[in-house]
Amino acid sequence: GGDLLDLGMDFEIPTPLDLNPSATVTPQQFQQLWVSIDSGHVSRYSFPSTPSAQSIESCLSQVGVKLMATGAAGPGQRKSFFYCVPLGSEQVCMCEGVMDETSGVLTCHYKAGDDMTQNRLALTFRAALQSIGAQ
């Protein structure tokens, strides 16, 4: 190939996932999968002003990421669990997001079956969160 980056192998550049908007996961399935997959990729996003839980959930749901549960996680902190399923796949991807409402920083812990999917999951979140001002 005449690629600039001809590494002599198939080098896949991660892209955001195309998600199945009608995928559903029960809380029991989510719990079982969450404890069975090692925590992987972590991203931190800062916002100029702390977004509401609704605006975060809404920008993620527009790309096919669904909220499993959310609630207070200590003073000034909100924890949310999200999941999604890529199109044409049965693989459930998960994320635990912790919003520090004082600093406006959202920390996301991603879980997926393999590294490439985790990277693509992180890119999916980043693209959605940037639409509401994440940096």
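**Exercise 1. Placing single residues**

In which helix does Val35 lie? Decide also whether Val35 is buried or exposed.

*Solution.* The model is a predicted one, in which local features need pLDDT of at least 70 and side-chain atom pairs count only at pLDDT 80 or more, while totals for chains, interfaces and linings use all residues. Residues are numbered from 1 along each chain as its sequence is written, and side-chain values use heavy atoms, with hydrogens and water left out.

Step 1. Helices (H or I, at least four residues) and strands (E, at least two) are DSSP runs numbered from the N terminus, and Val35 belongs to helix H1.

Step 2. A residue is buried under 20% relative accessible area, exposed over 50%, and partly exposed in between (1.4 Å probe, protein chains only). Val35 has a relative accessible area of 60%, so it is exposed.

Step 3. Val35 and Lys111 are 76 residues apart along the chain, and their C-alpha atoms are separated by 9.9 Å.

Step 4. Gln29 is also placed in helix H1, but with 39% relative accessibility Gln29 counts as partly exposed. The C-alpha atoms of Gln29 and Val92, which are 63 residues apart along the chain, are separated by 9.4 Å.

Step 5. Thr24 is found in the segment before H1 and is exposed, its relative accessible area being 63%. From the C-alpha atom of Thr24 to that of Lys79, 55 residues apart along the chain, the separation is 20 Å.

**Exercise 2. The chain as a whole**

How many helices and strands are there in the protein chain, and in what order do the elements run from the N terminus on?

*Solution.* Step 1. The protein chain has three helices and five strands, and from the N terminus on these elements run α-β-α-β-β-β-β-α.

Step 1. The radius of gyration, taken over C-alpha atoms, is compared with the globule rule, which is 2.2 Å times the number of residues to the power 0.38. For 135 residues the rule gives 14 Å, and the radius of gyration of the protein chain, 16 Å, is close to that, so the chain is as compact as a globular protein of that length.

Step 2. The C-alpha trace of the protein chain spans about 55 × 35 × 25 Å along its principal axes, and buried residues make up 36% of the 135 residues.

**Exercise 3. Aromatic pairs**

*Solution.* Step 1. Rings of Phe, Tyr and Trp (its six-membered ring) pair if their centres lie within 6.5 Å, and planes under 30 degrees apart count as stacked, over 60 as edge-to-face and the rest as tilted. The structure holds five such aromatic pairs.

Step 1. The ring centres of Phe30 and Phe81 are 5.9 Å apart and the planes stand at 75 degrees, so this pair is edge-to-face. Because Phe30 lies in helix H1 (residues 27–36) and Phe81 in strand E3 (residues 77–84), the pair ties together parts that are 51 residues apart in sequence. Phe30 is buried, with a relative accessible area of 6%.

Step 2. Tyr110 and Phe125 form another edge-to-face aromatic pair, with 5.3 Å centre to centre and 70 degrees between the planes. This pair links distant parts of the chain, with Tyr110 in strand E5 (residues 105–111) and Phe125 in helix H3 (residues 115–130), 15 residues apart. Both Tyr110 and Phe125 are buried.

Step 3. Phe30, Trp34 and Phe81 form one aromatic cluster. A charge sits over a ring if NZ of Lys or CZ of Arg is within 6 Å of the ring centre and within 35 degrees of the ring normal, and Lys111 lies over the face of Trp34 at 4.2 Å from the ring centre.

**Exercise 4. The lining of the cavity**

Which element supplies the largest share of the lining of the largest cavity?

*Solution.* Step 1. On a 1 Å grid over the protein atoms alone, a cavity is a set of points where a 1.4 Å probe fits but cannot get out, and lining residues have an atom within 4 Å of a point.

Step 1. Of the 13 residues that line the largest cavity, those closest to its centre are Ile56, Ser80, Phe82, Gly97 and Leu106.

Step 2. Helix H2 (53–61), E3, strand E4 (93–100), E5 and H3 each supply at least two residues of this lining, and the largest share, four residues, comes from H2.

Conventions
On a 1 Å grid over the protein atoms alone, a cavity is a set of points where a 1.4 Å probe fits but cannot get out, and a pocket is an open set with protein on both sides within 12 Å along at least five of seven lines; lining residues have an atom within 4 Å of a point.
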